[in-house]
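I opened this entry to keep a record of what I looked up, chain by chain and then across the contact.

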Amino acid sequence: MLTFTIRRLVLAVPTLLFISLVIFLLLELAPGDPMAQVPLTVPPEVKEKMREALGLGQPMHIRFWKWIVQFFWIEPQVMIDYYFGTSFSEGDLRVISWQTRSPVMDIVVQRIPQTLWVVGTAYVVAIIVALPIGIYSAYRQYSWFDQAGTFVSMVGFSVPPFFSGVLVIVIFSVQLGWFPSIYDTTHVVNSWDSFVKQLQQMVMPVMVLALQITAQLSRFMRASMLDNLNQDYVRTARAKGLSEYIVVMVHVLRNSMIPVVTVIALGIPSIFGGAIITEQVFKVNGIGQLLIGAIQANDLPMVQTLTFIFAVLIVLFNLIADVLYGILDPRIRYD
Amino acid sequence: MTELSNPTPAKPPRSQWLDVWDQFKSHKGALMGGILFLLIVLSVYFGPFLWDIEPTKIDIRARNQGPSLAHPFGTDQLGRDMLARMMAGGQTSVSVGITAMLLALFLGSFIGVLAGYFKRLDGPLMRLTDLFLALPLLPLLLVMMLLFREPLNAAFGLERGIFILIVVSIGITSWMPTARIVRGDVLALKEREFVLAARSIGTTNTKMITRHILPNVLSPIMVSATLGIATAIITESALSFLGLGFPPDFPTWGRLLFDATDYLQQYPERVFWPGMAISLTVLSVNYLGDGLRDALDPRIRGR
């Protein structure tokens, strides 16, 4: 197991390097000029200086190398400095956003809490709702509960968040006026009332996201339970007189959870990646919105860094899911 | 011995596709989904012949009207007929969905068959698939939209350029699941006796793939085709909704929804039609895929 983990970790390094190169080359092709917003009255030689200040004067491979050094060497130092009060990174050039002229990682760190709160809560809610639905619809296969569950999860699959989001805004904030349609990120929770307000503004985005995730997870849970319910060991467990509750909730459930846990692990990168569309609909200024803004403003260092962070998370959680699978299921041996 | 003494079978032989159709029919949701999808496609493509108001015709005096006999879905802020715009938008959305699905399907089956059939290609091609799966797709799609919009518009004209761009970028970011499924099936097929028999009479690799392998992996390909249409339509609408898809005066369902959100307070019903159209199409296609999966699986069939 350990050798497998180490081998996968070692393999992940070239994969990530290649992904960062792909993203970099793709952005390199960008026709957009970061100097396009500069007024025409600025003389060309000043413009040239500004381009060089952005690091655009050098050839491609040097800029790629610089980005790699900044991201993998200088940014961790900045983090260490922040936590331990040391000064390793003093005077080093960090990845600078073209939009705000401030370090990209600082902005990312500012935006992450909003995304984590909204998307993370939605994920937790979805897991809590989806698992019982999946278990019960598998246990009573083809009952009306199962049929209804199938229909609801199909709807959850099919209704895109930009429609369900707009729909809940129409219903709950335009018609009923229960919740605010815009998520106020400057809101500070310091009393009971402000906590209630925070809850109110979180309800709708969480609802929209949770519907989608619940749909996928409950389908998966159901299929996995169905696979296990017909196995011989279930008959054995019943035959030796265990109660139905113990059979389903202990024997079958534990075995069915193996693939579901890995699916849950695979979905975690999307928490950090933020729900780009949902954040856009409810004006949550999280990571997803940051990315959209950066793409529209042609802020290449920001886009490069953000997409790369997403890629790192995806690769990492793929690895975690594989390892989890091996740990949870003794039938699977990677060596 | 009774069987042998009576060599003529009582019933005429049934073809495989008849069995598939019987199983498919028994899945009510799938049948409904199929009919609904067919209806949507027909009304979107042939509806404009019956309802011949131009979707771009501006009638400023009839703007922001509610549903009436002259305009069953109402009109928008420029007085354009919503029904006509819905049909025009549907044409684009459905065409994008189907074309992108075909491209993804072709890529996926091609890579899947190659990886499964030729052992030497398996490693590199599957690493490539893993790599694509590790890419953050929606951000990448957005970046691609941003980068290649101008050059393609210049090369092919405004609408065709963006159509090609959207179809190609959705196609090359959604072939991976198909490739994985097809590869798995091909790997299993390759060990079967009929492949050995075919090889022993000297079948070439090309013939082997086209005659023996491809027909046998058709069912997973068909299932991923239906699911591919659904994801392609949603992705296209999402791009249009984020303002990075088709140009503003060119209606698609996603674009209509996006435009309607500006008038959410006054005319909420205008959001409803395109959103409903997208959701219904995707829902019907998903049910269709669900039924197809059951119908094409011989282990489930006949249960």
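**Chain B, overall**

I began with burial in chain B: 42% of its 303 residues count as buried. The model is a predicted one, so I read every value below as computed from it. I counted the elements next and found 13 helices and 0 strands in chain B. Along the principal axes, the C-alpha atoms of chain B fill a box of roughly 85 × 50 × 30 Å. I also looked at contacts in chain B between residues at least 6 apart in sequence, and 70% of these join residues at least 24 apart.

**Chain A, overall**

Chain A has 12 helices and 0 strands. Its C-alpha trace spans about 85 × 60 × 40 Å along the principal axes. Of the 335 residues in chain A, 32% are buried. For contacts in chain A between residues at least 6 apart in sequence, the share joining residues at least 24 apart is 69%.

**Helix H6 of chain A**

H6(A) has 15 residues and reaches 20 Å from its first C-alpha to its last, close to the 21 Å expected at 1.5 Å a residue. I found a bend of about 25° in H6(A) at Ile169(A). Ile169(A) is also among the buried residues of H6(A), a list that includes Phe162(A), Phe163(A) and Val166(A). Which helices do the buried residues of H6(A) pack against? In chain A they pack against H7 and H10, and in chain B against H11, H12 (253-261) and H13 (269-296). After H6(A) comes Gly177(A), with a positive phi near 70°.

**Helix H11 of chain B**

From H6(A) I crossed to H11(B), one of its packing partners. H11(B) covers residues 218-241, which is 24 residues, and its reach from first C-alpha to last is 34 Å, close to the 34 Å expected at 1.5 Å a residue. I checked whether H11(B) is covered: mostly, with 21 of its 24 residues buried. Gly243(B) follows H11(B) and has a positive phi, near 80°.

**The nonpolar core**

The largest nonpolar core has 136 residues, and I noted that Ala122(A), Leu291(A), Leu306(A) and Leu257(B) touch the most other members. Helix H4 (residues 82-117) of chain B gives the most to this core, with 15 residues. I then listed the contacts of Leu257(B), leaving aside neighbours within four places in sequence. From chain A, Leu257(B) is in contact with Phe162(A) and Phe163(A). From chain B, its contacts are Ser237(B), Phe241(B), Val271(B), Pro274(B) and Gly275(B).

**A loop residue in chain A**

Last, I looked up Asn230(A), in the loop between H7 (192-229) and H8 (232-239) of chain A. Is Asn230(A) buried or exposed? Asn230(A) counts as exposed because it has 8 C-beta neighbours inside 10 Å, and the cut-off for exposed is 12 or fewer. I also noted that Asn230(A) and Val252(A) are 22 residues apart in sequence and 9.7 Å apart in space, C-alpha to C-alpha.

Notes: Residues are numbered from 1 along each chain as its sequence is written. Chains are lettered from A and ligands numbered from 1 in the order in which they are written. This is a predicted model: local features need pLDDT of at least 70, side-chain atom pairs count only at pLDDT 80 or more; totals for chains, interfaces and linings use all residues. Helices (H or I, at least four residues) and strands (E, at least two) are DSSP runs, numbered from the N terminus. The expected span of a helix is 1.5 Å times one less than its number of residues. A residue is buried if 20 or more other C-beta atoms lie within 10 Å of its own, exposed if 12 or fewer, and partly exposed in between; C-beta atoms are placed from the backbone. Two residues are in contact if their C-beta atoms, placed from the backbone, lie within 7 Å. A nonpolar core is a set of buried Ala, Val, Leu, Ile, Met, Phe, Trp, Tyr and Cys residues joined through C-beta atoms within 7 Å. The bend at a residue is the angle between axes fitted to the seven residues ending there and the seven starting there.
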